[in-house]
Amino acid sequence: MKKSILFLSAAVAVLATAACQNFKKGDGGLEYNIVKDAGAEKAKAGDLLSVDMIVKSDRKDSLLQSTYDIGLPQIVNIAPDSIPGLYAGDYNSMFKFLGEGDSAVFRLNLDTMAAKTGQPKPEFADKYVTFTVKVRKHFKKGNLTDSALYAQIDSYFKGEIEGLKKSEESKLAGYIADKKLEPKKTASGLQYVIAEEGKGNKVVVGDTAVVNYTGRLVNGSIFDTNNAETAKKENKFNPMRPYEPLRFRVGHDPVIQGWTEGFQLLSKGSKATLLVPSSLGYGERGGGTIPPYAPLVFEIEVVDVIPGPKTEAPAPGPIVDSVATKK
């Protein structure tokens, strides 16, 4: 967890380059390229692997999943071949090629998968899904009880999350340095840069702010935006949601604390960047694609401010499970 973003990017680049080379043919149409064999014992049924993994389809703009975005590994449970629906050359088979320290690239044949399982091919790919995998740790079942094995996983993940906590400050500082920002800082730890000053009075508790926003992790990945063009560019577009300015009543509608405080620094027409530490965001739990202890970056524009009554007591602003606001 202490690896820098640059180190992770370099690791991804090495594996991605290897993905273009020398695939071998396996059972069930599975193709594989072992990038690194660390010589460790390979996983077998009942074992679990902690892996970093990038999943892509064979279409343009094909990224489907990346553990590097979240900064936490994925746990893969190696299932017995006797489970109905499994077959040689399927997703489960891939990980039996690997042990601790190994890395590889796999191409899963969707035509074979459809024929073997009797299920239709997924719509997000044509023929192949590619998995670029790097194994962090191998948890061996052996004679362990399930409870003992999963106690190891629980302890492992607590260590990973503690690593995220310890690295939060340096991640945010690195982002600020990389973007050459000179933010101001409030007593709570919120940092902000006002790119354009608005006009009129600043937002106060009780006002309704009408806003455009894009939320990013400090590695640059977007977790939400109400800008349709940005969503399309970043392959995050959801045709089922409306892309229009968001309205929320400051101090009353449940948003993260960083928003409740941050918008009170702004007025109508303001454009700003809010740098939100996890203590003012999603905290130790995270939410969705936001990992625990994640500092967040919001690029925001205050489209309008609708004055509201100022006599009501503000509602609490819990950390919620969808971007900055509760759906």
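Predicted model: local features only at pLDDT ≥ 70, side-chain atom pairs only at ≥ 80, totals over all residues.
Local features require pLDDT of at least 70 and side-chain atom pairs count only at pLDDT 80 or more, while totals for chains, interfaces and linings use all residues. Residues are numbered from 1 along each chain as its sequence is written, and side-chain values use heavy atoms, with hydrogens and water left out.

The structure contains 13 aromatic pairs (rings of Phe, Tyr and Trp, the latter by its six-membered ring, with centres within 6.5 Å; planes under 30 degrees apart count as stacked, over 60 as edge-to-face and the rest as tilted). One of them is the edge-to-face pair of Tyr91 and Phe95, with 5.1 Å from centre to centre and 75° between the planes. Tyr91 is partly exposed, at a relative accessible area of 31%, whereas Phe95 is buried, at 0% (buried means under 20% relative accessible area, exposed over 50% and partly exposed in between, with a 1.4 Å probe and protein chains only).

Phe223 and Phe298 also form an edge-to-face pair, with centres 5.8 Å apart and planes at 90°. This pair links distant parts of the chain: Phe223 lies in strand β12 (residues 222-225) and Phe298 in strand β16 (residues 296-306), 75 residues apart. Strands are DSSP runs of E with at least two residues, numbered from the N terminus. Both Phe223 and Phe298 are buried.

Notes
Helix = DSSP H or I, 4+ residues; strand = E, 2+ residues; numbered from the N terminus.
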